[in-house]
Amino acid sequence: MDDPDDLAWETLGSAVDYTCPGFDVRRDEVRFPDGETDGFHYVDEPPGVVVLPLTPDGDAVVIDEWRQAVGRVNRGIPAGTMEPEDGDGGADGGVTDEAVERAAARELAEETGYEADSFERLTTVEPTNGMANAVHHHVLATGCEPTADRDLDHNESISVETVPYDDLLAAVVDDGLRDGRAVTAVLWYELLRR
């Protein structure tokens, strides 16, 4: 394998070209290993949480949400951006488990009206690191009950239901579940817990 330093690009400058709610489009001026320079655009967004909620009976709490980018209703699970009130990162600049849990609890309640007995981190991924600076923390929420008030954002159109977990897993296998965040959470749960 090549030395990773031989592959690194040098960032000569960086600026936000466009800002909108939820993310920025950033342009870096970069120098490639061969000495050539060019601009590189990417999406820059805050860290997010993705919650796989399971009821005491083991059913999954799922959401159906309109997704404008693909022009259809999409089945998924609660997910959203970490907020400043969720807490700061750890001493190494990473995000603490406590901050991820607070964000997961907030997103679960806001989008579904459910609260969980406990949370456990499944994995952290960079889902599209070729075109976005995005980090998603996937969390398992167990003992979920509908005891909270929903608080949807003005641009969220969401319905909530519970389905047998095995049906959700089957949807991953037969392409019925297309949301990549939900697929990642289900597969990590399968790898680590079953």
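A cavity, on a 1 Å grid over the protein atoms alone, is a set of points where a 1.4 Å probe fits but cannot get out, whereas a pocket is an open set with protein on both sides within 12 Å along at least five of seven lines, and lining residues have an atom within 4 Å of a point. Grid points are joined across faces, edges and corners, and a volume is the space filled by probe spheres set on the points.

The model is predicted, and local features need pLDDT of at least 70, side-chain atom pairs count only at pLDDT 80 or more, while totals for chains, interfaces and linings use all residues. Residues are numbered from 1 along each chain as its sequence is written, and side-chain values use heavy atoms, with hydrogens and water left out.

**View 1. The largest cavity and its lining.** By the rule given above, the protein has one cavity of 30 Å³ or more, and the volume of the largest cavity is about 30 Å³. Its lining consists of I63, E65, R67, N74, R75, G76, I77, D179 and R181. Strands β5 and β6 are the elements that give two or more residues to this lining, where helices (H or I, at least four residues) and strands (E, at least two) are DSSP runs, numbered from the N terminus. By residue type the lining of the largest cavity divides into two nonpolar, two polar and five charged; here Ala, Val, Leu, Ile, Met, Phe, Trp, Tyr, Cys and Pro count as nonpolar, Asp, Glu, Lys and Arg as charged, and the others, Gly among them, as polar.

**View 2. The largest pocket.** The largest pocket holds about 1700 Å³ of space, and of the 41 residues that line it, F23, E45, E65, R67 and R181 are the closest to its centre. At least two lining residues come from each of β4, β5, β6 (72-76), β7 (79-81), α2 (97-112) and α4, and the largest share, four residues, is supplied by α2. The lining of this pocket is made up of 15 nonpolar, twelve polar and 14 charged residues.

**View 3. Two nonpolar cores.** A nonpolar core is a set of buried Ala, Val, Leu, Ile, Met, Phe, Trp, Tyr and Cys residues joined through side-chain atoms within 4.5 Å, and buried means under 20% relative accessible area, exposed over 50%, and partly exposed in between (1.4 Å probe, protein chains only). In soluble globular proteins, nonpolar side chains tend to be buried together. The largest nonpolar core here has 21 residues, and L52, L168, L177 and V186 are those with the most contacts inside it. Each of β4 (48-53), β5 (59-67), α3 (165-173) and α4 (180-193) supplies at least two residues of this core. Leaving aside residues up to four places away in sequence, V186 touches L52, Y165, L168, L169 and V172, a contact being heavy atoms within 4.5 Å. A second, separate core of 14 residues includes V61, L108, Y114 and C144.

View 4. Rings of Phe, Tyr and Trp (its six-membered ring) pair if their centres lie within 6.5 Å, and planes under 30 degrees apart count as stacked, over 60 as edge-to-face and the rest as tilted. The count by this rule comes to four aromatic pairs. W9 and F32 form an edge-to-face pair, 4.7 Å centre to centre with 85° between the planes; this pair links distant parts of the chain, since W9 lies in the loop between α1 (4-7) and β1 (10-20) and F32, 23 residues apart from it, in the loop between β2 (23-31) and β3 (37-44). W9 counts as partly exposed because its relative accessibility is 44%, and F32 counts as partly exposed because its relative accessible area is 23%. The rings of W9 and F40 have centres 5.6 Å apart and planes at 80°, so this pair is also edge-to-face. Ring pairs link W9, F32, F40 and Y42 into a cluster.

**View 5. T142 in strand β10.** T142 is found in strand β10 (residues 136-142), and T142 counts as partly exposed because its relative accessible area is 27%. Not counting residues up to four places away in sequence, T142 touches L54, A116, D117 and S118. The C-alpha atoms of T142 and D174 are separated by 25 Å, with the two residues 32 residues apart along the chain.
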